[in-house]
Amino acid sequence: MTTQPQGATTRVSRVIKAPRTAVYQAFLDAEAVATWLAPETMKGTVHTFEPYVGGNIRMSLNYQNPADAPQTSGKSSADTDTFQGTITALVPNEKIVWVTEFESDDPQFAGAMTLIWSWVDVESGTDVTVVCE
């Protein structure tokens, strides 16, 4: 597993072939978040999801096959990454900001991470960008 030093920023973008309003709504639905947020080798479980400013999020990502888990320890357990946080901003159809922390005994995973999700219309759908700080 590659970790970034504290204060690092990562930016990822992907075009989704759907209108911006539909993409935004998928960020406000717990079942949809459990599906799209989990990487291919993991399954998402939403424990708490309150889609409003000040609302809480708590979610676990579990490796479907323990052999796919990194050889180093997971953030929360050998095959699970659990995080919790708060929604700090909602701009309908434009932006959502989450501030989250992984549940971990490992100090390298300590501290808050801000995720800034944004949407822009493009010819083939919606360009979704997340900036992790």
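Arg 58 and Glu 103 form a salt bridge in this predicted model, with their closest N and O atoms 2.8 Å apart. The partners come from distant parts of the chain, 45 residues apart: Arg 58 sits in strand S3, and Glu 103 in the loop between S5 and S6. In total, the structure holds two salt bridges. The other one joins the side chains of Arg 20 and Asp 121, again at 2.8 Å from N to O. Here too the pair links distant parts of the chain, with Arg 20 in helix H1 and Asp 121 in strand S6, 101 residues apart.

| Residue | Relative accessible area | Class |
|---|---|---|
| Arg 58 | 28% | partly exposed |
| Glu 103 | 25% | partly exposed |
| Arg 20 | 22% | partly exposed |
| Asp 121 | 46% | partly exposed |

Seven strands make up an open, antiparallel sheet, in the order S1-S7-S6-S5-S4-S3-S2. Its edges are S1 (10-16) and S2, each of which pairs on one side only. From one strand to the next, the twist averages 25 degrees. S1 pairs with S7 over seven bridges, in the antiparallel sense, and Ser 13 stands opposite Thr 129 in S7. Helix H2 lies across S2, S3, S4, S5 and S6, and runs at about 150 degrees to S2.

Let's look next at the largest nonpolar core, which has 24 residues; Phe 27, Ile 96, Trp 98, Trp 117 and Trp 119 have the most contacts inside it. Elements that each supply at least two residues include helix H1 (20-26), helix H2 (30-37) and strand S7. S3 gives the most, with four residues.

Finally, take a look at Thr 126, which belongs to strand S7 (residues 125-132). Is Thr 126 buried or exposed? Thr 126 counts as buried because its relative accessibility is 0%. A polar atom of the Thr 126 side chain lies 2.7 Å from the backbone oxygen of Ala 18. Leaving aside neighbours within four places in sequence, Thr 126 also contacts residues including Val 15, Pro 19, Val 23 and Trp 119.

Terms used
Residues numbered from 1 in each chain as written. Predicted model: local features only at pLDDT ≥ 70, side-chain atom pairs only at ≥ 80, totals over all residues. Heavy atoms only, no water. Buried < 20%, exposed > 50% of the residue type's maximum accessible area, 1.4 Å probe, protein only. Polar contact = N/O pair within 3.5 Å; in protein donor to acceptor, adjacent residues only side chain to side chain. Contact = heavy atoms within 4.5 Å. Core = buried A, V, L, I, M, F, W, Y, C linked by side-chain atoms within 4.5 Å. Pairing = 2+ DSSP bridges. Axes fitted to C-alpha atoms, helices over the stretch in contact; angles between N-to-C directions. Salt bridge = Lys/Arg side-chain N within 4 Å of Asp/Glu carboxyl O.
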